[in-house]
Structure formats: C-alpha cells, structure tokens
Amino acid sequence: MASTTTMNCPTPMKATSNGVFQGDSPLDYALPLAIVQICLVLVLTRVLAYLLRPLRQPRVIAEIIGGILLGPSALGRNQKYLDLIFPPRSLTVLDTLANFGLLFFLFLVGLELDPRSIRRTGKKALSIALAGISLPFALGIGTSFVLRGSINKGVSQGPFLVFMGVALSITAFPVLARILAELKLLTTDVGRMAMSAAAVNDVAAWILLALAIALSGTGHSPLISLWVLLCGTGFVLLCTVIGPPVFNWMAKRCADGEPVDELYVCATLGAVLAAGFVTDTIGIHALFGAFVLGVLVPKEGPFSGALVEKVEDLVSGLFLPLYFVSSGLKTNVATIQGAQSWGLLVLVIFTSCFGKIVGTILVSLLCKMPVQEAVTLGFLMNTKGLVELIVLNIGKDRGVLNDQTFAIMVLMALFTTFITTPIVVSVYKPAKLAITKYKNRTIERKDMSKQLRILTCFHSTKNIPTMINLIESSRGTAKKEGLRVYAMHLMELSERSSAILMVHKARKNGLPFWKKGDVSDSNQIVVAFETFEHLSKVSIRPTTAISPMNSMHEDIITGAERKRVAMIILPFHKHQRIDGHLETTRADLRHVNRRVLQHAPCSVGILVDRGLGGASHVSASNVDFKVTVLFFGGHDDREALAYGTRMAEHPGINLLVVRFLVDPEVVGGSVKLDMDKTHSSDEGQSKDEELLTDLKHKTSNNGSINYEEKLVKDAAGTTELIRAYNRCNLFLVGRMSEGQVVAALDKKSDCPELGPLGNLLTCPEFSTTASVLVVQQYRSELSQDSINSLKDDELTEGDNDSN
C-alpha cells in the first residue's frame with residue numbers, strides 16, 4: 001500500500017550537458033535550457049514592444065503579453081512545446097532566476113523613490129493618493145466577497161480580502177513615469193501631481209502587501225501573523241537606523257568624475273542579498289528587504305548612479321523578463337469559461353477602473369483642479385504594472401488566489417494599463433493648449449527696448465561655461481528685466497528603467513538636484529546658474545525636457561512657444577578636443593538641431609563651443625570679448641547683426657561688423673538673375689541697407705562698434721579675408737546668407753545645418769579659437785534653399801569625427 005501512495009518526483013536536472021556528440025540533449029540540462037528560455041523571452045518581448053510602439057504602450061505591456069503567450073494560454077496549449085521548453089523540473093531554476101532578478105529590480109525601484117520628495121508632497125497630492133487607495137481598496141474587498149462565493153471558494157477570508165484590496169488599489173510608479181515621459185507630461189502640472197500621488201500610493205501599497213503576506217501565513221494562530229508584522233517593522237526600523245549613515249559614508253567617499261570603489265558596490269549588493277534573506281526568514285518575502293535598502297541609499301552623487309549602472313542592464317534586460325514568463329506560465333486564460341467567469345472579469349475591471357478613476361476625479365475636483373486635468377489624472381492613476389504582478393504571484397504562491405482568479409486579475413492589470421495612453425492622449429492635449437500667437441519672434445525688431453527672451457539648451461555640464469558667458473554678453477544694458485533666459489536641460493529618456501530617476505532630478509525647479517546644501521554631481525550647474533543670476537541683471541528660469549532623442553525637438557519647440565522666446569540657442573553636436581579639432585559628441589543631437597531649425601516658432605542659433613571666456617563664468621566687470629559679425633546680406637545675416645548690436649551694449653564687448661561686397665571689376669555679364677527672386681532680393685537689400693545705415697550711425701556714438709567693408713572677387717579671396725579675422729572670441733554669422741558673394745562659396749558640407757559660412761569657420765583647415773554662433777532668423781515660411789539644406793543627405797552619417 002505504501003508504494004501506491006508514493007509520489008514520483010522528477011529527477012533533478014544537472015547543470016551542464018556533455019554535448020550532442022555524446023548523445024546528450026542540451027534541453028535536458030538546467031543551464032542550456034535556461035539560456036534557451038531567456039533568449040526566447042527576449043526575442044518575443046522585444047518584437048512585441050516594437051509592434052506596440054506605434055500605440056505608445058510601455059514595455060511592461062509587451063512583457064506581460066509575451067509571458068501569457070508563452071504560457072498555457074497560447075503556445076502552452078501544445079503539451080510537447082511545454083515539455084520541451086518549460087518542463088516541470090526546470091521551473092524551480094526558472095523561478096529562482098526570475099526572483100533573483102526581481103530582487104535586484106526592486107532594489108532599483110527603491111532607488112527611484114526619494115523619501116524626501118514624499119515628505120514634501122503637498123496636501124493636494126496626498127489627498128488624491130489617499131482617495132486613489134481607499135475607494136478601490138474598499139471596492140476590492142466588496143468584489144472579493146463575490147469572487148469567494150463563486151470561483152475562489154475555500155480560501156481564508158482575511159488574506160483574500162487584503163490581497164484583492166491591494167491588487168485593485170495599486171498604481172505602478174515606474175510604469176506611470178514611463179507613460180508620462182512618453183506623452184511629454186512629466187513636467188506639466190498633471191504629470192507632477194500624478195508622480196507625487198503615485199509615489200505615496202507605492203509606499204502605501206508595499207505596507208498593505210506586507211500586511212497581506214503576514215496574514216496569509218500557513219500557521220493558524222493569529223500570534224504568528226502578529227510576530228511576522230512586529231519582526232518586519234523591527235527590520236525596517238533597524239535598517240533606517242543603520243543604513244543611512246553607512247550609505248552616506250560610502251557616498252561621501254565617491255568623488256565626482258572618479259570611478260566608484262568596487263568594494264562599496266559589492267558591499268551594497270551583498271547587503272541587498274542579506275536583507276532579502278532576513279525578510280524571507282521573517283516571512284514577508286525577500287523582495288521587501290531589497291526594496292527597503294534601495295529607498296535608504298542616498299540619491300545624490302555618483303554612488304547611486306554607479307549602483308544603477310552595475311545592476312540595471314543585466315537585471316532588467318535578462319533576468320526580469322523571466323519573471324513575466326514565470327507569471328505567464330501560471331496564467332491560463334482558458335480557465336475563464338462560461339458567462340459567470342467572463343461576467344466576473346468585467347466586474348473586476350469595472351470596480352478597478354471605477355474606484356481609481358472616480359475616487360481620483362472627485363478629490364481632484366474638490367481640490368479645484370480643472371475637469372480635463374482631473375479626468376486625465378484619474379486614468380493615469382489607474383496604471384498597473386510589475387508591482388501588480390508581484391502581488392498576484394505572491395497571492396498565487398500562498399494559495400490565496402486560484403488559477404481562475406489569478407487569470408482574471410492578470411487580464412485586469414493588462415487592460416487597465418493598455419487603455420491609459422490612448423485615453424490620456426484623447427482627453428488631455430497640452431501641446432494644443434501651448435500654441436499661442438506672439439509678436440517678438442526675432443531679435444531684429446523695431447523696438448529694441450523690449451525684454452529679450454532666449455531659450456538656451458544644454459546636454460551636459462560641458463556646455464554651461466560658454467552658455468553662461470554668452471548670456472552675460474547678451475544682456476545688453478543694465479536694465480533688470482532687459483533679458484530673460486530659460487535654461488533647458490535636455491535629458492534623454494532611454495529604454496532603461498532607471499531613466500525614471502530623472503523625474504526626481506527634474507522635480508523641484510527644473511534642474512537636476514537643484515537643492516541648496518546638497519553635494520551632487522550637478523553641483524557645478526547649480527553654483528554656476530545661481531551665482532550668475534545673483535551677480536548679473538539677468539533673470540534665469542531653469543526648465544527640463546525629458547524625452548527620447550527622436551522627439552526631443554518637440555519639447556524644445558513647445559517650450560519656446562510657451563515662453564514666447566525670440567531665439568532658441570542649441571549646442572552643436574560636436575565638442576572641441578584637446579588638439580583643437582571638433583569631434584562628434586552624439587550623432588543624434590544633429591537630428592534634434594535640424595528638426596528645431598525646420599519647425600522653430602522663433603529664430604534659432606547653433607553654438608559651436610570653443611570655450612568662450614574659458615572654462616568658467618567671467619564676471620561682468622571682467623568681460624573683454626571681441627565679437628565679429630560677417631555680413632553678406634539676407635534675413636539670417638540681419639538677425640546675426642541685430643544680435644551683435646545687442647551684445648555691443650555690454651561695456652565689455654567690442655563688436656566688429658565686416659561687410660563683404662562684390663568687387664565692381666567682376667560685376668558684369670557673368671551674373672545671372674532669377675526674375676522670380678529679383679523683387680524679393682531688392683526688398684532684402686533695402687532692409688540690409690537700412691540696418692547698416694542705423695549701425696553706421698551707432699558707430700559714431702559708440703566706440704565699441706567698428707564697421708568695415710571689404711571688396712572680394714571670388715570664393716578664394718573671401719575665404720582668405722575671413723581668415724584674417726580669426727583672432728576674435730566669437731563669430732556671429734547667418735546660416736543662409738544671401739547675395740552673389742556667398743553664392744560662390746562651396747555649399748557641399750558635412751553639416752549643412754551650419755550653412756556655408758558656419759562650415760567654413762568650423763572646418764579643420766580654418767585655424768581659430770573663436771566660438772561660432774550660426775543664426776537663422778524666424779520666417780513664417782523658410783526659403784526653399786534653407787529647407788533643402790536641412791533635408792539633403794538626411795543626416796550625412798559620413799560625419800568626420802576627426803573634424
């Protein structure tokens with residue numbers, strides 16, 4: 001009799017095979033099988049993410065769908081496939097790898113949560129967060145009674161109530177941040193409110209989940225659950241006392257620009273594993289220990305960045321997708337059969353959406369938010385994601401959720417997240433609200449006394465000194481409000497999940513880690529801008545654009561339109577090497593620059609940085625710059641001249657304007673006229689003469705402005721004459737100069753966005769230490785030559801990096 005009741009356990013798998021030539025099938029061994037599983041998951045999830053990209057869905061949607069497709073709901077219906085790729089005896093290894101990846105991923109999620117930002121959360125965001133938790137939690141408890149009475153019979157009532165409440169009330173903080181960034185809402189009022197409320201929601205969800213796990217223990221005595229809760233609380237308090245001093249000590253020993261000591265990284269990752277072991281021993285899952293340590297690591301300085309860099313790509317790229325497969329193998333949509341089961345699915349989706357959306361909207365309206373923003377916020381807070389799957393999987397493993405309930409809840413999470421982006425796009429359109437009509441879109445204007453607004457963009461601290469010295473030179477007279485500058489930090493949103501750390505960097509007033517008294521990797525930016533604003537008569541407003549590089553130009557254009565600026569100044573996509581030559585920083589930055597030039601609502605300048613004023617901010621009293629304007633004629637040259645004239649108002653700027661004219665000896669039959677352009681060119685020449693006449697009048701009253709006229713016969717002569725002026729600090733030139741002189745210059749170049757003059761001044765053969773500002777004047781419709789130059793060889797990737 002004993003033999004009939006004995007279970008036949010599958011034999012444990014060996015790690016590696018001896019190879020096919022010795023008769024071993026690699027899929028019968030743990031390591032090669034795990035490699036096949038990981039590769040299969042990676043390929044499927046990446047393909048799905050690519051297919052869903054036009055719908056602007058977050059990657060978590062592709063990963064959940066991929067997990068379900070690989071499980072018994074789709075491909076797993078074929079038993080041979082399951083036995084070959086996901087045999088039962090391999091699932092322990094798969095689950096171990098998945099949870100190992102999840103452990104470190106939750107550590108990264110903790111790194112993204114800044115406790116101080118939660119403490120700073122205003123009453124409005126706190127009220128919205130509490131409403132977004134309490135109403136769906138209550139509805140989840142109500143739904144649990146229906147489910148427990150129909151398809152989930154025989155489970156313990158207390159844990160099931162709490163699990164259902166938590167599952168319906170969660171907002172996925174990382175997924176929400178990704179959606180907001182994708183929709184360019186991160187820096188809007190709605191985005192900031194959603195992130196603040198979601199951060200509070202996230203912490204509350206983890207506390208409730210710890211409670212649910214404690215209650216779901218297999219012990220029947222309530223004292224066991226109490227012991228679990230008390231030990232868990234004690235662990236958190238102990239970490240709070242010991243963790244911050246140790247991590248701060250490590251962070252202080254990590255200098256900016258220096259590699260972080262490997263010992264500190266290993267010690268931290270070892271502490272994460274130890275914390276996971278302790279919380280698993282207590283009985284509240286290993287993930288909690290990792291999450292708590294992540295929250296306690298200081299967010300400023302290079303230390304947290306080094307931890308993210310070491311851990312993230314391996315964990316989120318390889319191990320984490322296994323968790324979605326592990327979850328997908330437990331999800332069998334086929335268990336949802338009959339009208340009752342599908343009705344319960346509709347009920348769960350309805351209660352989840354109703355609780356989150358209605359609760360958030362009601363409180364938002366009570367907080368006097370506009371209806372459109374309140375509805376948007378309601379749908380944003382309804383986002384689910386990885387944390388939802390963690391809750392459901394723990395519930396499944398603890399026997400609180402059966403197969404059918406688990407499948408229903410996974411589909412609910414998938415549906416609610418999937419609908420978020422399309423609904424928010426249709427409801428909330430901040431880009432349309434931003435479009436306004438304003439007059440001063442150029443620097444050249446009739447009334448030069450009006451405030452000048454400039455949007456300066458920078459990618460890194462390298463751009464800051466030259467940008468500040470350019471702003472100092474542009475401030476003109478000492479009027480307090482004569483110049484207002486919006487300093488936009490361009491931050492790329494990559495596919496990496498830690499990109500959400502940028503949300504915290506941008507939270508307070510736009511610049512990363514703009515906090516007084518804190519030591520951070522962006523301290524140079526803070527000190528430079530704050531010092532400059534205090535010492536100068538310039539008003540500086542920091543802002544941030546967080547976008548993928550392929551849509552960064554939209555943020556710049558929208559920002560310029562909202563701020564009603566007259567000029568956007570962009571950094572060139574090359575930086576200067578030690579030997580003086582220009583080297584490509586990032587090729588995709590030129591995509592951004594070209595698109596801004598094509599669609600800008602105002603004038604645009606591209607700054608080729610060769611160290612204007614050196615590597616630090618030059619104070620107003622010490623400014624002594626020579627600025628040279630090369631004037632050939634046309635809209636862009638007039639804008640460059642207007643900018644130069646503005647600079648000349650600064651007491652430390654000496655302006656030299658050089659006008660190039662065709663030598664009368666060569667004017668003759670060789671000149672061909674395009675009759676369609678004759679009228680417009682005559683009109684342009686009259687405007688040129690008008691501006692130059694005004695300039696000549698100023699030279700007589702202002703000793704800092706000098707004007708010269710040079711006669712040239714050909715392109716070679718023009719180039720030689722320009723070389724004679726290479727000892728200045730800054731060249732100001734038009735992007736598409738007009739006239740017979742400039743027409744002779746070679747227009748074929750690696751960087752057509754700079755125009756013929758800009759390319760001449762940045763080519764390796766032109767020896768100079770002067771920075772170059774290439775200016776394009778705003779026109780309602782660009783000239784065909786200008787448009788063609790931006791489209792030609794759509795980004796000549798033959799970009800000479802050694803230039």
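Helices (H or I, at least four residues) and strands (E, at least two) are taken here as DSSP runs, numbered from the N terminus. The model is predicted, so local features need pLDDT of at least 70 and side-chain atom pairs count only at pLDDT 80 or more, while totals for chains, interfaces and linings use all residues. Residues are numbered from 1 along each chain as its sequence is written, and side-chain values use heavy atoms, with hydrogens and water left out.

With 0% relative accessibility, T360 counts as buried (under 20% relative accessible area; exposed is over 50% and partly exposed in between, with a 1.4 Å probe and protein chains only). Setting aside neighbours within four places in sequence, T360 is in contact (heavy atoms within 4.5 Å) with I128, G132, L377, G378 and M381.

Next up is the sheet. Its 10 strands form an open arrangement with mixed pairing, in the order β3-β2-β1-β4-β7-β12-β11-β8-β9-β10; two strands pair if DSSP finds at least two bridges between them. The edges go to β3 (539-547) and β10 (705-712), each of which has a single partner strand, so one side of each is left without a neighbour in the sheet. Strand β9 (residues 653-662) runs parallel to β10 over 8 bridges, and L656 faces N706 in β10. Helix α27 (residues 715-723) lies across β8, β9 and β10, at about 155° to β10. Helix α25 (residues 635-647) lies across several strands, including β11 (730-734), to which it runs at about 145°. Axes here are lines fitted to C-alpha atoms, for helices over the stretch in contact, and angles run from 0 to 180 degrees between N-to-C directions.

As for rings, the structure holds 9 aromatic pairs. Rings of Phe, Tyr and Trp (its six-membered ring) pair if their centres lie within 6.5 Å; planes under 30 degrees apart count as stacked, over 60 as edge-to-face and the rest as tilted. W206 and F291 have ring centres 4.8 Å apart and planes at 20°, so this pair is stacked. Since W206 belongs to helix α10 (residues 189-215) and F291 to helix α13 (residues 286-296), the pair ties together parts that are 85 residues apart in sequence. Both W206 and F291 are buried. For W249 and Y264, the centres are 5.9 Å apart and the planes at 75°, so that pair is edge-to-face. W249 is partly exposed at 43% relative accessibility, whereas Y264 is buried at 12%. F100, F104 and F319 form one aromatic cluster.
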